Amino acid sequence: MQKKISLFTVINTVFLASLALLCLLPIIHIVAISFSDQAAVSANQIGLIPKGFTLASYKMVAKRGAFWTAFGISVKRVIFGVLINTVITVLMAYPLSKSEKEFPARKLYVWILIFVMIFDGGLVPNYLLVNKLGLFDTIWALVLPTAVPIYNIILTMNFMKQLPSTIEEAAMVDGAGYFARFIHLIVPLSKPVIATITLFSFVGHWNSWFDGKIYNNQTSNYPLQTYLQNIISSSDMTNAAEAMENALSNVKTLQAAQLALTLLPILLIYPFLQKYFVKGITVGAVKG
Amino acid sequence: MNKKKTSFLNFRKNWPLHLMLLPGIILVIIFKYVPLGGITIAFKDFYPRKGIFGSPWVGLDNFEYMFLLPDTMRIMWNTLKIALLKILINFPVPILIAILLNEIKSKWFKKSVQTIIYLPYFISWVILAGMILDIFSLEGIINQVLGMIGMDPVFFMGDNKPFLGMLIGTDVWKNFGYGTVIYLAAITGIDESLYESARIDGAGRLKQTLYITIPSIAPIVMLMMILNLGNVLNAGFEQIFTLYSPRVYESADIIDTFVYRISLVDANYALGTAVGLLKSVVSFLLIVTSYKLANKYSDYTIF
(Lines give C-alpha, C1' and ligand atoms only; values in the text may rest on other atoms or scores of the structure.)
Protein backbone atom coordinates (compact mmCIF):
# COMPACT_ATOMS: atom_id res chain seq x y z
CA MET A 1 0.00 0.00 0.00
CA GLN A 2 1.75 3.17 -1.06
CA LYS A 3 1.04 6.35 0.74
CA LYS A 4 1.79 9.98 0.07
CA ILE A 5 2.29 12.37 2.93
CA SER A 6 -1.10 13.85 3.61
CA LEU A 7 -1.84 17.48 4.29
CA PHE A 8 -2.98 16.49 7.76
CA THR A 9 0.41 14.97 8.57
CA VAL A 10 2.17 18.14 7.49
CA ILE A 11 -0.07 20.43 9.50
CA ASN A 12 0.03 18.13 12.49
CA THR A 13 3.82 17.91 12.44
CA VAL A 14 4.22 21.66 12.15
CA PHE A 15 1.70 22.24 14.92
CA LEU A 16 3.36 19.82 17.34
CA ALA A 17 6.81 21.15 16.53
CA SER A 18 5.68 24.70 17.30
CA LEU A 19 4.09 23.50 20.50
CA ALA A 20 7.38 21.96 21.59
CA LEU A 21 9.15 25.16 20.64
CA LEU A 22 6.67 27.17 22.70
CA CYS A 23 7.73 25.16 25.74
CA LEU A 24 11.39 25.96 25.20
CA LEU A 25 11.29 29.62 24.13
CA PRO A 26 10.95 31.18 27.61
CA ILE A 27 13.93 29.16 28.84
CA ILE A 28 16.03 30.09 25.81
CA HIS A 29 15.05 33.74 26.24
CA ILE A 30 16.15 33.88 29.88
CA VAL A 31 19.42 32.08 29.11
CA ALA A 32 20.04 34.51 26.24
CA ILE A 33 19.55 37.45 28.60
CA SER A 34 21.92 35.96 31.15
CA PHE A 35 24.72 35.82 28.56
CA SER A 36 24.02 39.23 27.07
CA ASP A 37 25.60 42.58 27.46
CA GLN A 38 23.82 44.70 30.05
CA ALA A 39 23.28 47.63 27.68
CA ALA A 40 21.56 45.43 25.12
CA VAL A 41 19.34 43.97 27.83
CA SER A 42 18.42 47.42 29.13
CA ALA A 43 17.43 48.39 25.61
CA ASN A 44 15.25 45.27 25.42
CA GLN A 45 17.09 43.97 22.37
CA ILE A 46 17.32 40.33 23.40
CA GLY A 47 15.19 37.72 21.73
CA LEU A 48 16.52 34.19 21.63
CA ILE A 49 20.19 34.85 20.92
CA PRO A 50 22.56 36.61 23.34
CA LYS A 51 23.72 40.00 22.19
CA GLY A 52 27.24 41.13 23.07
CA PHE A 53 28.04 37.74 24.55
CA THR A 54 29.51 38.06 28.01
CA LEU A 55 29.94 36.06 31.18
CA ALA A 56 29.77 39.21 33.30
CA SER A 57 26.53 38.35 35.06
CA TYR A 58 27.74 34.87 35.93
CA LYS A 59 30.98 36.31 37.28
CA MET A 60 28.89 38.62 39.39
CA VAL A 61 26.73 35.77 40.68
CA ALA A 62 29.91 33.85 41.48
CA LYS A 63 30.85 36.62 43.90
CA ARG A 64 27.40 36.80 45.49
CA GLY A 65 27.69 35.23 48.93
CA ALA A 66 23.93 35.24 49.50
CA PHE A 67 23.29 33.20 46.36
CA TRP A 68 25.77 30.51 47.34
CA THR A 69 24.58 30.39 50.94
CA ALA A 70 21.07 29.74 49.63
CA PHE A 71 22.45 27.24 47.12
CA GLY A 72 24.19 25.39 49.95
CA ILE A 73 20.99 25.25 52.00
CA SER A 74 19.11 23.85 49.02
CA VAL A 75 21.77 21.18 48.49
CA LYS A 76 21.59 20.30 52.17
CA ARG A 77 17.79 20.06 52.15
CA VAL A 78 17.88 17.90 49.02
CA ILE A 79 20.39 15.50 50.58
CA PHE A 80 18.56 15.14 53.91
CA GLY A 81 15.09 15.42 52.42
CA VAL A 82 15.55 12.89 49.64
CA LEU A 83 17.30 10.43 51.92
CA ILE A 84 14.55 10.58 54.55
CA ASN A 85 11.75 10.53 51.94
CA THR A 86 13.17 7.52 50.17
CA VAL A 87 13.90 5.45 53.29
CA ILE A 88 10.45 6.18 54.77
CA THR A 89 8.70 5.48 51.46
CA VAL A 90 10.34 2.11 50.90
CA LEU A 91 9.91 1.08 54.54
CA MET A 92 6.20 1.94 54.51
CA ALA A 93 5.41 0.67 51.03
CA TYR A 94 6.52 -2.88 51.78
CA PRO A 95 4.15 -3.67 54.68
CA LEU A 96 1.32 -1.86 52.88
CA SER A 97 1.85 -4.02 49.79
CA LYS A 98 0.87 -7.07 51.85
CA SER A 99 -2.66 -8.42 51.68
CA GLU A 100 -5.07 -7.80 54.51
CA LYS A 101 -5.18 -11.53 55.10
CA GLU A 102 -1.46 -11.64 55.81
CA PHE A 103 -1.33 -8.26 57.56
CA PRO A 104 -4.75 -7.42 59.05
CA ALA A 105 -3.59 -4.10 60.57
CA ARG A 106 -2.87 -2.80 57.07
CA LYS A 107 -6.36 -1.32 57.03
CA LEU A 108 -5.66 0.83 60.08
CA TYR A 109 -2.44 2.23 58.63
CA VAL A 110 -4.07 2.90 55.28
CA TRP A 111 -6.79 4.97 56.95
CA ILE A 112 -4.25 6.92 58.99
CA LEU A 113 -2.56 7.91 55.73
CA ILE A 114 -5.71 8.48 53.63
CA PHE A 115 -7.15 10.87 56.18
CA VAL A 116 -4.17 13.23 56.10
CA MET A 117 -4.16 13.02 52.32
CA ILE A 118 -7.64 14.51 52.10
CA PHE A 119 -7.86 16.69 55.20
CA ASP A 120 -5.33 19.37 55.85
CA GLY A 121 -5.10 21.32 59.10
CA GLY A 122 -4.35 24.50 57.19
CA LEU A 123 -1.54 26.99 57.10
CA VAL A 124 -1.74 28.41 60.63
CA PRO A 125 -1.81 25.15 62.66
CA ASN A 126 1.15 23.79 60.69
CA TYR A 127 3.03 27.04 61.07
CA LEU A 128 2.44 27.18 64.82
CA LEU A 129 3.51 23.56 65.28
CA VAL A 130 6.82 23.99 63.45
CA ASN A 131 7.38 27.13 65.50
CA LYS A 132 6.52 25.36 68.78
CA LEU A 133 8.88 22.48 68.01
CA GLY A 134 11.68 25.03 67.69
CA LEU A 135 12.41 24.10 64.08
CA PHE A 136 12.34 27.66 62.70
CA ASP A 137 15.53 28.62 60.88
CA THR A 138 16.76 25.02 60.85
CA ILE A 139 16.99 22.60 57.95
CA TRP A 140 14.53 20.29 59.76
CA ALA A 141 11.63 22.65 59.13
CA LEU A 142 12.16 21.99 55.43
CA VAL A 143 12.67 18.25 55.74
CA LEU A 144 10.48 16.81 58.51
CA PRO A 145 6.97 18.15 57.73
CA THR A 146 7.22 16.60 54.25
CA ALA A 147 9.10 13.49 55.38
CA VAL A 148 6.24 11.10 54.52
CA PRO A 149 5.37 11.49 50.82
CA ILE A 150 2.10 9.59 50.57
CA TYR A 151 1.82 9.62 46.76
CA ASN A 152 5.28 8.13 46.45
CA ILE A 153 4.32 5.46 48.97
CA ILE A 154 1.29 4.51 46.89
CA LEU A 155 3.42 4.36 43.75
CA THR A 156 6.02 2.15 45.41
CA MET A 157 3.37 -0.03 47.05
CA ASN A 158 1.68 -0.63 43.68
CA PHE A 159 5.01 -1.62 42.20
CA MET A 160 5.73 -4.09 45.01
CA LYS A 161 2.24 -5.56 44.69
CA GLN A 162 3.00 -6.43 41.08
CA LEU A 163 6.08 -8.47 41.94
CA PRO A 164 5.37 -12.19 41.62
CA SER A 165 4.55 -13.59 45.06
CA THR A 166 6.42 -16.82 44.29
CA ILE A 167 9.72 -15.04 44.89
CA GLU A 168 8.91 -14.32 48.50
CA GLU A 169 7.29 -17.71 48.98
CA ALA A 170 10.46 -19.49 47.93
CA ALA A 171 12.51 -17.45 50.40
CA MET A 172 9.95 -18.11 53.10
CA VAL A 173 10.43 -21.84 52.65
CA ASP A 174 14.14 -21.25 53.27
CA GLY A 175 13.18 -19.60 56.55
CA ALA A 176 13.78 -15.98 55.57
CA GLY A 177 11.78 -13.54 57.74
CA TYR A 178 10.22 -10.25 56.63
CA PHE A 179 13.39 -8.23 57.12
CA ALA A 180 15.57 -10.65 55.19
CA ARG A 181 13.09 -10.84 52.31
CA PHE A 182 12.68 -7.05 52.31
CA ILE A 183 16.41 -6.32 52.19
CA HIS A 184 17.58 -9.14 49.92
CA LEU A 185 14.63 -9.52 47.55
CA ILE A 186 12.13 -6.69 47.52
CA VAL A 187 14.48 -3.71 47.66
CA PRO A 188 16.75 -4.95 44.84
CA LEU A 189 13.72 -5.82 42.69
CA SER A 190 12.16 -2.41 43.34
CA LYS A 191 15.13 -0.44 41.99
CA PRO A 192 13.16 1.11 39.08
CA VAL A 193 10.45 2.51 41.33
CA ILE A 194 12.98 3.61 43.93
CA ALA A 195 14.78 5.53 41.20
CA THR A 196 11.47 7.16 40.23
CA ILE A 197 10.51 8.28 43.72
CA THR A 198 14.04 9.47 44.45
CA LEU A 199 13.91 11.71 41.41
CA PHE A 200 10.42 12.98 42.27
CA SER A 201 11.57 13.77 45.76
CA PHE A 202 14.67 15.52 44.40
CA VAL A 203 12.57 17.75 42.16
CA GLY A 204 10.10 18.40 44.98
CA HIS A 205 12.77 19.49 47.44
CA TRP A 206 14.76 21.50 44.93
CA ASN A 207 11.66 23.37 43.76
CA SER A 208 10.05 24.05 47.15
CA TRP A 209 10.10 27.64 48.27
CA PHE A 210 7.02 28.39 50.36
CA ASP A 211 8.11 26.39 53.40
CA GLY A 212 11.47 28.12 53.21
CA LYS A 213 9.68 31.45 53.23
CA ILE A 214 7.39 30.85 56.21
CA TYR A 215 9.64 28.70 58.41
CA ASN A 216 12.65 31.02 58.35
CA ASN A 217 12.85 34.34 60.14
CA GLN A 218 16.34 35.02 58.85
CA THR A 219 16.59 35.52 55.08
CA SER A 220 20.11 34.08 55.36
CA ASN A 221 18.49 30.69 56.02
CA TYR A 222 16.45 30.76 52.82
CA PRO A 223 16.91 27.89 50.37
CA LEU A 224 17.66 28.91 46.78
CA GLN A 225 14.10 29.04 45.43
CA THR A 226 12.92 31.12 48.38
CA TYR A 227 15.89 33.44 47.93
CA LEU A 228 14.95 33.84 44.26
CA GLN A 229 11.28 34.37 45.00
CA ASN A 230 12.31 37.16 47.33
CA ILE A 231 14.39 38.82 44.61
CA ILE A 232 11.71 38.45 41.96
CA SER A 233 8.91 39.81 44.12
CA SER A 234 10.98 42.77 45.23
CA SER A 235 11.97 43.66 41.68
CA ASP A 236 8.33 44.04 40.82
CA MET A 237 7.94 44.38 37.05
CA THR A 238 4.39 45.66 37.41
CA ASN A 239 5.75 48.79 38.99
CA ALA A 240 6.61 51.00 36.03
CA ALA A 241 8.93 53.32 37.93
CA GLU A 242 10.88 50.46 39.41
CA ALA A 243 11.05 48.69 36.07
CA MET A 244 12.69 51.80 34.63
CA GLU A 245 15.18 51.84 37.43
CA ASN A 246 15.93 48.15 36.98
CA ALA A 247 16.48 48.64 33.29
CA LEU A 248 19.27 51.06 34.04
CA SER A 249 21.09 48.67 36.34
CA ASN A 250 22.24 45.11 35.98
CA VAL A 251 19.27 43.72 37.92
CA LYS A 252 17.86 41.95 34.90
CA THR A 253 20.95 40.13 33.68
CA LEU A 254 21.85 39.21 37.23
CA GLN A 255 18.39 37.82 37.86
CA ALA A 256 18.45 35.89 34.57
CA ALA A 257 21.78 34.30 35.47
CA GLN A 258 20.47 33.25 38.87
CA LEU A 259 17.31 31.81 37.34
CA ALA A 260 19.37 29.85 34.83
CA LEU A 261 21.67 28.50 37.52
CA THR A 262 18.72 27.44 39.67
CA LEU A 263 17.16 25.66 36.74
CA LEU A 264 20.40 23.88 35.85
CA PRO A 265 20.13 20.96 38.32
CA ILE A 266 16.63 20.17 37.02
CA LEU A 267 17.91 20.21 33.43
CA LEU A 268 20.82 17.98 34.43
CA ILE A 269 18.65 15.28 35.96
CA TYR A 270 15.94 15.65 33.31
CA PRO A 271 17.25 12.84 31.08
CA PHE A 272 16.98 10.44 34.02
CA LEU A 273 13.70 11.92 35.12
CA GLN A 274 12.05 11.46 31.78
CA LYS A 275 13.31 7.89 31.55
CA TYR A 276 11.46 6.93 34.74
CA PHE A 277 8.76 9.55 34.72
CA VAL A 278 6.48 7.99 32.12
CA LYS A 279 6.58 4.63 33.84
CA GLY A 280 6.13 6.26 37.22
CA ILE A 281 3.10 8.41 36.56
CA THR A 282 1.33 5.84 34.45
CA VAL A 283 1.61 3.23 37.17
CA GLY A 284 0.40 5.74 39.72
CA ALA A 285 -2.22 7.64 37.77
CA VAL A 286 -3.72 5.16 35.36
CA LYS A 287 -3.51 1.92 37.26
CA GLY A 288 -4.42 3.57 40.56
CA MET B 1 -3.32 -20.13 62.64
CA ASN B 2 -5.94 -22.83 62.50
CA LYS B 3 -6.04 -22.89 66.29
CA LYS B 4 -7.16 -19.34 66.66
CA LYS B 5 -8.40 -16.54 64.40
CA THR B 6 -5.53 -14.18 63.57
CA SER B 7 -5.69 -11.14 65.81
CA PHE B 8 -5.93 -7.71 64.23
CA LEU B 9 -2.47 -6.49 65.14
CA ASN B 10 -0.97 -9.98 65.09
CA PHE B 11 2.28 -8.80 66.67
CA ARG B 12 3.67 -12.29 67.00
CA LYS B 13 3.96 -12.74 63.25
CA ASN B 14 3.61 -9.20 61.90
CA TRP B 15 5.94 -7.31 64.24
CA PRO B 16 8.55 -6.61 61.54
CA LEU B 17 5.84 -5.02 59.38
CA HIS B 18 4.66 -2.83 62.26
CA LEU B 19 8.24 -1.84 62.98
CA MET B 20 8.84 -0.78 59.37
CA LEU B 21 5.78 1.47 59.46
CA LEU B 22 6.61 2.96 62.85
CA PRO B 23 9.00 5.82 61.88
CA GLY B 24 6.67 7.09 59.15
CA ILE B 25 3.58 6.83 61.31
CA ILE B 26 5.28 8.75 64.14
CA LEU B 27 6.19 11.54 61.72
CA VAL B 28 2.64 11.61 60.32
CA ILE B 29 1.18 11.85 63.81
CA ILE B 30 3.51 14.68 64.82
CA PHE B 31 3.31 16.72 61.64
CA LYS B 32 -0.21 15.95 60.38
CA TYR B 33 -2.36 14.91 63.31
CA VAL B 34 -1.01 17.18 66.06
CA PRO B 35 -1.70 20.33 63.97
CA LEU B 36 -5.35 19.26 63.73
CA GLY B 37 -5.60 20.30 67.38
CA GLY B 38 -4.64 23.80 66.25
CA ILE B 39 -7.91 24.03 64.34
CA THR B 40 -9.52 25.08 67.64
CA ILE B 41 -7.85 28.46 67.08
CA ALA B 42 -10.64 29.13 64.59
CA PHE B 43 -13.07 29.20 67.51
CA LYS B 44 -10.90 31.29 69.82
CA ASP B 45 -9.75 34.83 70.32
CA PHE B 46 -6.19 33.71 69.82
CA TYR B 47 -3.18 35.45 71.33
CA PRO B 48 0.16 33.77 70.63
CA ARG B 49 1.37 34.85 74.10
CA LYS B 50 -1.48 33.04 75.83
CA GLY B 51 -1.14 29.94 73.65
CA ILE B 52 -3.92 27.81 72.23
CA PHE B 53 -5.16 26.59 75.61
CA GLY B 54 -4.95 29.98 77.32
CA SER B 55 -6.89 31.90 74.66
CA PRO B 56 -10.63 32.31 75.31
CA TRP B 57 -13.32 30.57 73.28
CA VAL B 58 -15.43 32.84 71.09
CA GLY B 59 -17.68 30.36 69.35
CA LEU B 60 -18.33 31.27 65.73
CA ASP B 61 -17.26 34.91 66.01
CA ASN B 62 -14.35 34.48 63.63
CA PHE B 63 -16.61 32.96 61.01
CA GLU B 64 -19.15 35.75 61.42
CA TYR B 65 -16.43 38.34 61.05
CA MET B 66 -15.17 36.52 57.96
CA PHE B 67 -18.50 36.93 56.21
CA LEU B 68 -18.71 40.58 57.18
CA LEU B 69 -15.45 41.34 55.40
CA PRO B 70 -16.06 42.78 51.94
CA ASP B 71 -13.11 40.76 50.58
CA THR B 72 -14.53 37.38 51.51
CA MET B 73 -17.12 37.02 48.79
CA ARG B 74 -14.61 38.22 46.23
CA ILE B 75 -11.93 35.70 47.19
CA MET B 76 -14.45 32.86 47.24
CA TRP B 77 -15.68 33.82 43.80
CA ASN B 78 -12.15 34.30 42.44
CA THR B 79 -11.10 30.91 43.79
CA LEU B 80 -14.01 29.11 42.18
CA LYS B 81 -13.72 31.03 38.94
CA ILE B 82 -9.98 30.48 38.48
CA ALA B 83 -10.08 26.83 39.58
CA LEU B 84 -13.03 25.95 37.36
CA LEU B 85 -11.59 27.77 34.33
CA LYS B 86 -8.31 25.91 34.82
CA ILE B 87 -10.05 22.55 35.12
CA LEU B 88 -12.22 23.29 32.08
CA ILE B 89 -9.34 24.34 29.83
CA ASN B 90 -6.66 22.04 31.24
CA PHE B 91 -8.90 19.12 30.58
CA PRO B 92 -9.33 18.78 26.80
CA VAL B 93 -5.89 20.12 25.81
CA PRO B 94 -3.78 17.08 26.77
CA ILE B 95 -6.33 14.67 25.30
CA LEU B 96 -6.26 16.49 21.98
CA ILE B 97 -2.46 16.70 21.92
CA ALA B 98 -2.11 13.03 22.86
CA ILE B 99 -4.38 12.07 19.97
CA LEU B 100 -2.46 14.29 17.55
CA LEU B 101 0.87 12.98 18.82
CA ASN B 102 -0.33 9.44 18.36
CA GLU B 103 -0.90 10.14 14.66
CA ILE B 104 2.81 10.84 14.19
CA LYS B 105 4.61 7.95 12.56
CA SER B 106 8.19 9.02 13.23
CA LYS B 107 9.19 7.57 16.59
CA TRP B 108 12.02 10.03 16.96
CA PHE B 109 9.82 13.07 16.44
CA LYS B 110 7.12 11.74 18.74
CA LYS B 111 9.58 11.04 21.51
CA SER B 112 11.27 14.44 21.15
CA VAL B 113 8.01 16.39 21.31
CA GLN B 114 6.89 14.36 24.29
CA THR B 115 10.18 14.95 26.09
CA ILE B 116 10.10 18.69 25.51
CA ILE B 117 6.48 19.39 26.38
CA TYR B 118 6.66 17.97 29.87
CA LEU B 119 9.80 19.84 30.82
CA PRO B 120 7.81 22.87 32.15
CA TYR B 121 6.03 20.56 34.57
CA PHE B 122 9.28 20.14 36.49
CA ILE B 123 10.16 23.83 36.68
CA SER B 124 9.15 25.65 39.85
CA TRP B 125 6.69 28.52 39.76
CA VAL B 126 9.41 30.75 41.17
CA ILE B 127 11.59 30.27 38.11
CA LEU B 128 8.63 30.42 35.76
CA ALA B 129 7.42 33.61 37.43
CA GLY B 130 10.86 35.13 36.93
CA MET B 131 10.57 34.37 33.22
CA ILE B 132 6.90 35.27 32.79
CA LEU B 133 7.12 38.61 34.62
CA ASP B 134 9.99 39.55 32.32
CA ILE B 135 8.57 38.29 29.04
CA PHE B 136 5.13 39.82 29.59
CA SER B 137 6.25 43.07 31.22
CA LEU B 138 5.38 46.38 29.56
CA GLU B 139 8.80 46.53 27.88
CA GLY B 140 8.98 42.76 27.49
CA ILE B 141 9.41 40.80 24.33
CA ILE B 142 5.70 40.10 23.83
CA ASN B 143 4.77 43.78 23.97
CA GLN B 144 7.62 44.54 21.57
CA VAL B 145 6.15 42.07 19.09
CA LEU B 146 2.70 43.59 19.59
CA GLY B 147 4.26 47.01 18.97
CA MET B 148 5.79 45.84 15.71
CA ILE B 149 2.41 44.84 14.39
CA GLY B 150 1.01 48.18 15.49
CA MET B 151 -0.86 47.20 18.62
CA ASP B 152 -0.94 49.07 21.89
CA PRO B 153 1.06 47.52 24.70
CA VAL B 154 -0.91 45.31 27.08
CA PHE B 155 -0.25 45.46 30.81
CA PHE B 156 -0.45 41.66 31.07
CA MET B 157 0.68 41.32 34.68
CA GLY B 158 -0.86 44.48 36.08
CA ASP B 159 -4.37 44.73 34.62
CA ASN B 160 -7.12 42.52 35.91
CA LYS B 161 -8.50 41.37 32.58
CA PRO B 162 -5.36 40.08 30.89
CA PHE B 163 -4.05 38.78 34.23
CA LEU B 164 -6.81 36.22 34.54
CA GLY B 165 -5.96 34.99 31.05
CA MET B 166 -2.28 34.87 32.02
CA LEU B 167 -3.08 32.66 35.00
CA ILE B 168 -5.02 30.18 32.91
CA GLY B 169 -2.62 30.29 29.96
CA THR B 170 0.58 29.80 31.94
CA ASP B 171 -1.02 27.02 33.96
CA VAL B 172 -2.02 25.14 30.82
CA TRP B 173 1.43 25.78 29.41
CA LYS B 174 3.12 24.31 32.51
CA ASN B 175 0.88 21.26 32.92
CA PHE B 176 -0.43 20.05 29.56
CA GLY B 177 2.67 17.94 28.90
CA TYR B 178 2.07 15.93 32.06
CA GLY B 179 -1.53 15.11 31.05
CA THR B 180 -0.43 14.32 27.52
CA VAL B 181 1.96 11.67 28.81
CA ILE B 182 -0.81 9.99 30.80
CA TYR B 183 -3.24 9.91 27.89
CA LEU B 184 -0.58 8.89 25.41
CA ALA B 185 0.29 5.92 27.59
CA ALA B 186 -3.38 4.98 27.62
CA ILE B 187 -3.64 5.32 23.83
CA THR B 188 -0.51 3.25 23.29
CA GLY B 189 -2.10 0.52 25.35
CA ILE B 190 -5.06 0.14 22.99
CA ASP B 191 -5.19 -3.22 21.24
CA GLU B 192 -3.74 -2.77 17.73
CA SER B 193 -6.10 -5.40 16.29
CA LEU B 194 -9.03 -3.03 16.87
CA TYR B 195 -7.48 -0.55 14.45
CA GLU B 196 -6.67 -3.27 11.96
CA SER B 197 -10.21 -4.53 11.74
CA ALA B 198 -11.45 -0.96 11.48
CA ARG B 199 -9.08 -0.38 8.56
CA ILE B 200 -10.37 -3.50 6.86
CA ASP B 201 -13.86 -2.08 7.24
CA GLY B 202 -12.59 1.02 5.49
CA ALA B 203 -12.49 3.43 8.42
CA GLY B 204 -10.15 6.40 7.90
CA ARG B 205 -8.01 8.04 10.55
CA LEU B 206 -10.76 10.31 11.77
CA LYS B 207 -13.22 7.47 12.14
CA GLN B 208 -10.62 5.32 13.89
CA THR B 209 -10.03 8.17 16.34
CA LEU B 210 -13.72 8.77 16.94
CA TYR B 211 -14.81 5.16 17.24
CA ILE B 212 -11.74 3.42 18.72
CA THR B 213 -9.30 5.83 20.36
CA ILE B 214 -11.78 8.06 22.16
CA PRO B 215 -14.03 5.29 23.51
CA SER B 216 -10.94 3.33 24.61
CA ILE B 217 -9.55 6.16 26.70
CA ALA B 218 -12.97 7.28 27.95
CA PRO B 219 -12.64 5.46 31.30
CA ILE B 220 -9.37 7.23 32.10
CA VAL B 221 -10.77 10.54 30.92
CA MET B 222 -13.75 9.99 33.19
CA LEU B 223 -11.53 9.05 36.13
CA MET B 224 -9.38 12.16 35.68
CA MET B 225 -12.49 14.33 35.49
CA ILE B 226 -13.91 12.87 38.69
CA LEU B 227 -10.63 13.23 40.56
CA ASN B 228 -10.50 16.88 39.49
CA LEU B 229 -13.54 17.54 41.63
CA GLY B 230 -11.23 17.65 44.63
CA ASN B 231 -9.43 20.62 43.06
CA VAL B 232 -12.41 22.95 42.81
CA LEU B 233 -11.01 25.08 45.63
CA ASN B 234 -7.39 24.79 44.52
CA ALA B 235 -6.88 27.75 42.24
CA GLY B 236 -3.10 27.36 42.35
CA PHE B 237 -1.48 29.13 45.29
CA GLU B 238 2.15 28.89 44.17
CA GLN B 239 1.41 30.26 40.73
CA ILE B 240 -0.72 33.16 41.89
CA PHE B 241 1.54 34.06 44.78
CA THR B 242 4.60 34.27 42.56
CA LEU B 243 2.84 36.22 39.81
CA TYR B 244 0.36 38.57 41.45
CA SER B 245 0.62 42.06 42.86
CA PRO B 246 -1.84 44.34 44.70
CA ARG B 247 -2.91 45.75 41.31
CA VAL B 248 -4.58 42.45 40.42
CA TYR B 249 -5.99 41.43 43.81
CA GLU B 250 -9.43 42.17 42.45
CA SER B 251 -9.28 39.33 39.91
CA ALA B 252 -6.65 37.02 41.38
CA ASP B 253 -6.77 37.10 45.16
CA ILE B 254 -7.85 33.59 46.20
CA ILE B 255 -8.57 31.84 49.50
CA ASP B 256 -5.00 30.59 49.89
CA THR B 257 -3.30 33.91 49.17
CA PHE B 258 -5.80 35.68 51.44
CA VAL B 259 -5.16 33.20 54.26
CA TYR B 260 -1.43 33.72 53.89
CA ARG B 261 -1.72 37.50 54.12
CA ILE B 262 -4.16 37.71 57.00
CA SER B 263 -2.39 35.07 59.08
CA LEU B 264 1.31 35.46 58.42
CA VAL B 265 1.50 39.10 57.30
CA ASP B 266 -1.22 40.69 59.46
CA ALA B 267 -0.77 38.05 62.23
CA ASN B 268 -4.54 37.53 62.54
CA TYR B 269 -4.10 33.82 63.23
CA ALA B 270 -7.66 33.15 64.35
CA LEU B 271 -9.26 34.57 61.23
CA GLY B 272 -6.69 32.84 59.03
CA THR B 273 -7.38 29.50 60.68
CA ALA B 274 -11.14 30.00 60.29
CA VAL B 275 -10.93 30.76 56.57
CA GLY B 276 -8.48 27.90 56.10
CA LEU B 277 -10.74 25.52 57.99
CA LEU B 278 -13.73 26.41 55.86
CA LYS B 279 -11.70 25.56 52.78
CA SER B 280 -10.37 22.31 54.28
CA VAL B 281 -13.85 21.11 55.21
CA VAL B 282 -15.39 21.87 51.80
CA SER B 283 -12.37 20.32 50.04
CA PHE B 284 -12.62 17.28 52.25
CA LEU B 285 -16.26 16.75 51.28
CA LEU B 286 -15.46 17.24 47.60
CA ILE B 287 -12.54 14.81 47.67
CA VAL B 288 -14.53 12.15 49.52
CA THR B 289 -17.31 12.52 46.96
CA SER B 290 -14.86 12.26 44.09
CA TYR B 291 -13.23 9.13 45.54
CA LYS B 292 -16.65 7.56 46.05
CA LEU B 293 -17.64 8.34 42.46
CA ALA B 294 -14.30 7.15 41.12
CA ASN B 295 -14.63 3.95 43.06
CA LYS B 296 -18.15 3.38 41.81
CA TYR B 297 -17.53 4.09 38.13
CA SER B 298 -13.91 3.02 37.62
CA ASP B 299 -13.14 0.68 40.50
CA TYR B 300 -10.56 3.20 41.55
CA THR B 301 -8.97 2.72 44.95
CA ILE B 302 -6.29 4.93 46.41
CA PHE B 303 -4.45 2.27 48.34
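**Entry 1: charges across the interface**

I started with B:Asp134, which forms a salt bridge with A:Lys252; their closest N and O atoms lie 3.1 Å apart. The model is a predicted one, and I read the distance as computed from it. I then looked up the count of salt bridges between chain B and chain A, and it is one. For polar contacts across this interface I noted 18 residue pairs, both partners at pLDDT 80 or more.

**Entry 2: what chain B brings**

I asked which element of chain B gives the most to the side that touches chain A. Helix H1 (residues 11-37) does, with 21 residues. I sorted the residues of that side by type and got 67 nonpolar, 19 polar and nine charged.

**Entry 3: extent of the interface**

I noted 95 residues of chain B in contact with 99 residues of chain A. The buried area between the two chains is about 8900 Å², and carbon and sulfur atoms give 79% of this area. On the chain B side, I found that B:Met20, B:Phe122 and B:Phe303 lose the most area to chain A, together 11% of what that side buries.

**Entry 4: an arginine in chain A**

I turned to A:Arg181, found in helix H10 (residues 178-189) of chain A. Is A:Arg181 buried or exposed? I list A:Arg181 as buried because its relative accessible area is 5%, under the 20% cut-off. Its side chain makes a polar contact with the side chain of A:Glu168 at 3.0 Å. Leaving out residues up to four places away in sequence, I noted that A:Arg181 touches A:Tyr94, A:Glu168, A:Ala171, A:Met172, A:Ala176 and A:Ile186.

Conventions
Residues are numbered from 1 along each chain as its sequence is written. Chains are lettered from A and ligands numbered from 1 in the order in which they are written. This is a predicted model: local features need pLDDT of at least 70, side-chain atom pairs count only at pLDDT 80 or more; totals for chains, interfaces and linings use all residues. Side-chain values use heavy atoms; hydrogens and water are left out. Contact means heavy atoms within 4.5 Å. Buried area is the accessible area (1.4 Å probe) that two parts lose on being put together, summed over both. A salt bridge is a side-chain nitrogen of Lys or Arg within 4 Å of a carboxyl oxygen of Asp or Glu. A polar contact is a pair of N or O atoms within 3.5 Å; within protein, one must be able to donate a hydrogen and the other to accept it, and residues adjacent in sequence count only if both atoms are side-chain atoms. Helices (H or I, at least four residues) and strands (E, at least two) are DSSP runs, numbered from the N terminus. Ala, Val, Leu, Ile, Met, Phe, Trp, Tyr, Cys and Pro count as nonpolar, Asp, Glu, Lys and Arg as charged, and the others, Gly among them, as polar. Buried means under 20% relative accessible area, exposed over 50%, partly exposed in between (1.4 Å probe, protein chains only).
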